Amino acid sequence: MLWIMKFSGFFSAAMVMIVLFPSLQSFPPAEAIRSSHVDSHLRFSSNTHSFDKFPFRRAPAFRNADECRSSKLGKSSVCDPSLVHVAIALDVEYLRGSIAAVHSILQHAKCPESVFFHFLVPEMGLEALVRSTFPELKFNVYYFDPERVRSLISSSVRQELEQPLNYARNYLAELLETCVTRVIYLDSDLVVVDDISKLWNTSLGKKTIGAPEYCHANFTKYFTQYFWSNSRFSGVFSGRNPCYFNTGVMVIDLAKWRRFGCTRRIERWMEIQKTSISRIYELGSLPPFLLVFAGHVAPIEHRWNQHGLGGDNVRGSCRDLHPGPVSLLHWSGSGKPWTRLDSKQPCPLDSLWAPFDLYGHST
C-alpha cells in the first residue's frame, strides 16, 4: 500500500510540473465534436428525443437599429466579422432558463440580428425547438460528448455540479469554428438587461479571458487544506494575485486559448485531482478554471454578473442585488427562478426573470 501512495505522490508531482510548464505538454486532437445545422440530425439521430412536451411561445422578431453594420459574408455565415458570438449550453433541465436568456439578449441588443448563438448540447433534437421559438435566430448547434470528461469529473458538494455539460465551456475552442476568435460564454440561469455588444467590446488586453472579479472573497476556501499545505500545488499561484471569478459569465479570446492550450491545462488539473492521494478541491468545474486563470483575468465591471441570486424563499435565503448598476442578473446557486415561480414560492427578484420566460402555450 505504501508503494502505491508513493507512486501516486510522484505522479501528482509530475502532473504539476506539466501544468506549470506548458512547453512540456502535447495536445491531442479534439474529441469533442462540432456539428452544423446540416448534419446534426444525421450524425446523432440515435440520441434524439422528442421535445414536444416543452411548449415554448414564439418570440417576436427583433430588428437591427439603423446604425448597425450590415453583414458582408451572407445572412448566416458564422465567420462574418460583424457578428457578436454568444455560447450557451442547452439541456432538458435548464432549457427554460436558456430560452429566457436568449430572449433577454435579443430584446436588449441594439443589433439583435448581428448576434450569433452557439448552443452546446449533450443530445440532439433541440434545434427544431430553438428554430420554432426564434425563427430568425442565427445559431449553430454543437454536440458535446459527455464521455469526453466523465472520467475526469470528481464528486462535488452538489450533484448538479457533476454534470458533464458543466464542463463543455472548457472545449469551446475545439467545438466552435476556427474563424470564431472571440466568444461570450453565458450560463443558462441568467438574463441580460443591457446591450450585449457592450460586453462583447470589453478589452481583454493580453489576457485570454475576461470576467468580473471578486477579490474580497476568501480565495483559500476554493481549495482544500491539502492543496494549500503542499507547495507543489499551491505554488501555481506564486507571483499571481488570484481572485475569485464566476465562470458563468466570461469573454474568451479563443485565438489565445488555442495558442496556449488552455483546454489541456484545465484537464491536467482535473487529472491531478483524480490521482492525488487527497483531494485538492471540492467545488465542481470552477477550481480547475481558477488554477489556470486566477490572477490572469481581464477585469470586467461587476454590473455584468449580479450573481448569487439562486437563494431559497422557503429557507429564507433569498438574495438582494449587489450595490451598483445592473446589466446582467444571474441566479447562480441552488434555486432557479422558473422552479420557484411554478411552485408559487418565488423570491422577490424572480419577478425580474419572469418577463423573459417563453414557456407555455399562447393564450
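The model is predicted, so local features need pLDDT of at least 70 and side-chain atom pairs count only at pLDDT 80 or more, while totals for chains, interfaces and linings use all residues. Residues are numbered from 1 along each chain as its sequence is written, and side-chain values use heavy atoms, with hydrogens and water left out.

Me: Why is Arg148 called buried?
Reply: Buried means under 20% relative accessible area (exposed is over 50%, partly exposed in between; 1.4 Å probe, protein chains only). Arg148 comes in at 12%, so it counts as buried. You'll find Arg148 in the loop between β3 (138-143) and α5 (172-175); helices here are DSSP runs of H or I, at least four residues, and strands are runs of E, at least two, numbered from the N terminus.

Me: And for the chain, what percentage of residues count as buried?
Reply: Of its 363 residues, 55% do.

Me: What makes a group of residues a nonpolar core?
Reply: They have to be buried Ala, Val, Leu, Ile, Met, Phe, Trp, Tyr or Cys, joined through side-chain atoms within 4.5 Å. The largest such core has 54 residues, and Leu172, Phe223, Phe245, Ile252, Trp257, Ile280 and Phe293 touch the most other members. Helix α11 (residues 286-293) gives the largest share of this core, six residues. Another core, of 43 residues, lies apart from it, with Phe54, Val121, Leu199 and Val249 among its members.

Me: How do you know which residues Ile252 is in contact with?
Reply: Contact means heavy atoms within 4.5 Å. Leaving aside neighbours within four places in sequence, the partners of Ile252 include Leu172, Tyr185, Leu204 and Trp257.

Me: Why are α10 and α11 called oblique to each other?
Reply: Under 35 degrees is roughly parallel, over 145 roughly antiparallel, 65 to 115 roughly perpendicular, and the rest oblique. The axes of α10 (residues 262-275) and α11 cross at roughly 120° and come within 9 Å. (Axes are lines fitted to C-alpha atoms, for helices over the stretch in contact; angles run from 0 to 180 degrees between N-to-C directions.) The pair is therefore oblique.

Me: Which residues make that contact?
Reply: From α10, Cys262, Arg265, Ile266, Trp269 and Met270; from α11, Pro288, Phe289, Leu291, Val292 and Phe293.
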